Amino acid sequence: MADRVLVIGSGGREHALAWKLAQSPHVKQVFVAPGNAGTADNGKISNSAVLVSNHTIVTQFCKDHNIGLVLVGQEALLAAGIVDDLRAAGVRCFGPSAKAAQLESNTSFAKAFLDRHGIPTARWKAFTNAQEACSTDFPARVVRARGPAARKEVTIAASKEEACRAVQEIMQDRTFGDMVVIEELLQGEELSCLCFTDGVTVASMPPAQAHKRLLDGDQGPNTGGMGAYCPVPQVQQPSLSL
C-alpha cells in the first residue's frame, strides 16, 4: 500500500474510502479532492482543492505530493478517462478505464452489452426522437437519461403520460442529454452485487440493498440513494461444513 493516497470525489462513498484507508498502518496521509465536510482535517485525512477535471493538473499534483495510489469514485471523471491519463503518466490508479466505465456511465451501451452476451435484462429501447420514445408499448416504464451526469436521473413512470413528461424533459429541454432509454419495469427486490477484479481474478463483496426512492413506502422520485444495508435477509449466507 502507498504511503500517500489520493481519493477523487466529494460524496459519502469517498468519505467511506478515505476513512477506511486512513486505518491502514501503511497509509500516512489521505488527500480527498474535492472532498466534503467529513473529510476536512480529520486525522490523516484532508481535503485538496486540486482541479480534478483537469487531468494534467491532477497528474502534476500526484507527482508533487508523492502520491502512491489514486482511487477515483466520481463516475463522470471515470467516463472522461482520468484513469487512462493518470496511468499513462505513470501514476498508479484504481478504477476502470474510460471504455470499461461505459458500463456505468452509458445506459444504452450497458444494455446492448447485456443483450450481446446473453445476460438477462429488462426489455429496452433507445431513442433520439421524443415522439418515438413516447410510443413505447411497455406496460410499465423506466425512463433513463444517458450519460454519467444523468446516471441518477431515472423516472419510474406509473403511466404513459408520466413517461412522456420525463422524455420531454430529458430530450426536448436537453436537461440531461439527447438520448433516452425506455425500459420495461421489473417488479421485485433489487440487490447490488459488486466485485473487485484485476482482469484475471474476481473477488465478490457481500450483496447489498440500496433504497433510492425519496419517501417512505417506496414512493416519490428516485434519488442517488437514501441509504443501503448489508447483509440482506433475501440472500442466504453460505455455510461452511467441516
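This is a predicted model: local features need pLDDT of at least 70, side-chain atom pairs count only at pLDDT 80 or more; totals for chains, interfaces and linings use all residues.

Residues are numbered from 1 along each chain as its sequence is written, and side-chain values use heavy atoms, with hydrogens and water left out.

**The whole chain**

Start with a cartoon view. The protein chain has eight helices and 15 strands; these are DSSP runs (helices are H or I, at least four residues; strands are E, at least two), numbered from the N terminus. Colour by accessibility next: of the 242 residues, 35% are buried. Here buried means under 20% relative accessible area, exposed over 50%, and partly exposed in between (1.4 Å probe, protein chains only). The accessible surface comes to about 14400 Å², and 53% of that belongs to carbon and sulfur atoms; the areas come from the Shrake-Rupley method with a 1.4 Å probe, and for residues only the protein chains shown count as cover. Contacts are heavy atoms within 4.5 Å, and among those with a separation of 6 or more, 50% link residues 24 or more positions apart.

**The cores**

Now select Leu-6, Ile-8, Val-58, Val-70 and Val-72. In the largest nonpolar core, which has 20 residues, these touch the most other members. Elements giving two or more residues to this core are strand S1 (4-9), S2, H2, S4, helix H3 (75-79) and helix H4 (82-88). Apart from this core lies another, of 16 residues, including Phe-127, Ala-130, Val-143 and Ile-182. A nonpolar core is a set of buried Ala, Val, Leu, Ile, Met, Phe, Trp, Tyr and Cys residues joined through side-chain atoms within 4.5 Å.

Zoom in on Ile-8. Which residues does Ile-8 touch, not counting those up to four places away in sequence? Among them are Glu-14, Ala-33, Val-52, Gln-74, Leu-77 and Ile-82.

**The surface**

Show Phe-94, Leu-194, Phe-196 and Met-205 as a surface: they make a nonpolar patch of about 400 Å². Met-205 sits in the loop between strand S11 (202-204) and strand S12 (209-210) and is partly exposed, at 37% relative accessible area.

Next, pick Thr-197 in strand S10 (residues 195-197), an exposed residue at 53%. A polar atom of the Thr-197 side chain lies 3.0 Å from the backbone nitrogen of Gly-199. The side chain of Thr-197 also reaches the backbone oxygen of Thr-201, at 2.9 Å.

Most residues other than glycine have a negative phi, and most peptide bonds are trans. Where does this chain depart from that?

- Ala-33 to Pro-34: the peptide bond is cis, with omega near 0 degrees, and Pro-34 is in strand S2 (residues 29-34).
- Cys-230 to Pro-231: the bond is also cis, with omega about -5 degrees; Pro-231 is in the segment after strand S15 (228-229).
- Asp-41: phi is positive, about 50 degrees, in the loop between S2 and strand S3 (45-47). Asp-41 is exposed, at 70% relative accessibility.
- Asn-66: phi is positive, about 55 degrees, in the loop between helix H2 (55-64) and strand S4 (69-72). Asn-66 is exposed, at 59% relative accessibility.

Terms used:
A polar contact is a pair of N or O atoms within 3.5 Å; within protein, one must be able to donate a hydrogen and the other to accept it, and residues adjacent in sequence count only if both atoms are side-chain atoms. Patches are made of residues with over 30% relative accessible area and no salt bridge: like charges are joined within 9 Å, nonpolar side chains (Val, Leu, Ile, Met, Phe, Trp, Tyr) within 5 Å. A salt bridge is a side-chain nitrogen of Lys or Arg within 4 Å of a carboxyl oxygen of Asp or Glu.
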